[in-house]
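Got your viewer open and a way to select residues by number? Then come along for a short tour, one selection at a time.

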Amino acid sequence: MLILASGSPRRRELLSYIQPDFKVVILPTSEDFLPGTPPNIIVETLALRKACAVQKLHPHDTIIGADTIVVLDGKIFEKPENEAHACEMLKTLSGREHQVFTGVAILNPDSKSVFSEETLVRFTKLTAKEITAYVATGEPLDKAGGYGIQGLGATLVESICGDFYNVMGLPVCRLAKELRREENYGK
């Protein structure tokens, strides 16, 4: 059985593109990391923690853990705490290019694969009115960086370089390749 160790509705949707039959198991894990840790290591570590927690309860299954962060000038933009924080984030991202990192861990009884993907996203220059209107929709409040590229947040994005789905929270192409490799492991 394939298990997704994430409560994200976006990750559930994206994983269904690869494998429609899976279940979701979510367990609390620490999201702490040492200051100065490179972004790719942060997301890989957090994804692995999520997968390991679930693997303890489901040792014979294949577990997928994932974590996504937005980074600008070395600063991590996680989910905003409130509307004012979302406005502040979007004002900072306005007119600039930032990085989105997603880490993925795939654990099964015979192997472990941990990787991350990076996508560059450039925002258009936003007015205060545009930021306030977008935040008022509520969409930014549960998303790293304070925006959802797959929703109304698409109007904020001028360009991307890399995997679009990575920005949503799961690098679909790379994950599909890794899962195919895992299926063939030991054959």
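Start by selecting Tyr17, Phe164 and Tyr165, which form one aromatic cluster in this predicted model. The structure holds 3 aromatic pairs. To describe a pair of aromatic rings, you give the distance of the centres and the angle of the planes.

Look at tyrosine 17 and tyrosine 165 to begin with. They make an edge-to-face pair, with 6.0 Å from centre to centre and 80 degrees between the planes. Now show the helices: tyrosine 17 is in α1 (residues 9–18) and tyrosine 165 is in α5 (residues 164–168), so this pair links distant parts of the chain, 148 residues apart. Next, turn to phenylalanine 164 and tyrosine 165, another edge-to-face pair, 5.4 Å centre to centre and with 80 degrees between the planes.

The lysine lies over the face of phenylalanine 77, at 5.2 Å from the ring centre.

Now pick out helix α3, residues 83–93. Which of its residues are buried? They are Ala86, Met89, Leu90 and Leu93.

What covers the buried residues of α3? Colour in β3 (62–72), β4 (75–77), β5 (97–108), β6 (111–123) and α4 (128–136), which are among the elements that do the covering.

Asparagine 82 caps the N-terminal end, with a side-chain oxygen 3.2 Å from the backbone nitrogen of alanine 84. Following α3 there is glycine 95, which has a positive phi, near 70 degrees.

For the last stop, go to valine 43 in helix α2 (residues 39–57). Valine 43 counts as buried because its relative accessibility is 0%. Which residues is valine 43 in contact with, leaving aside neighbours within four places in sequence? Select Asp67, Thr68, Ile69, Phe101, Thr102, Gly103 and Ser116 to see them. Finish by checking the C-alpha atoms of valine 43 and threonine 68: they are 6.2 Å apart, although 25 residues separate the two along the chain.

Notes:
Residues are numbered from 1 along each chain as its sequence is written. Side-chain values use heavy atoms; hydrogens and water are left out. Buried means under 20% relative accessible area, exposed over 50%, partly exposed in between (1.4 Å probe, protein chains only). Helices (H or I, at least four residues) and strands (E, at least two) are DSSP runs, numbered from the N terminus. Contact means heavy atoms within 4.5 Å. A polar contact is a pair of N or O atoms within 3.5 Å; within protein, one must be able to donate a hydrogen and the other to accept it, and residues adjacent in sequence count only if both atoms are side-chain atoms. Rings of Phe, Tyr and Trp (its six-membered ring) pair if their centres lie within 6.5 Å; planes under 30 degrees apart count as stacked, over 60 as edge-to-face and the rest as tilted. A charge sits over a ring if NZ of Lys or CZ of Arg is within 6 Å of the ring centre and within 35 degrees of the ring normal.
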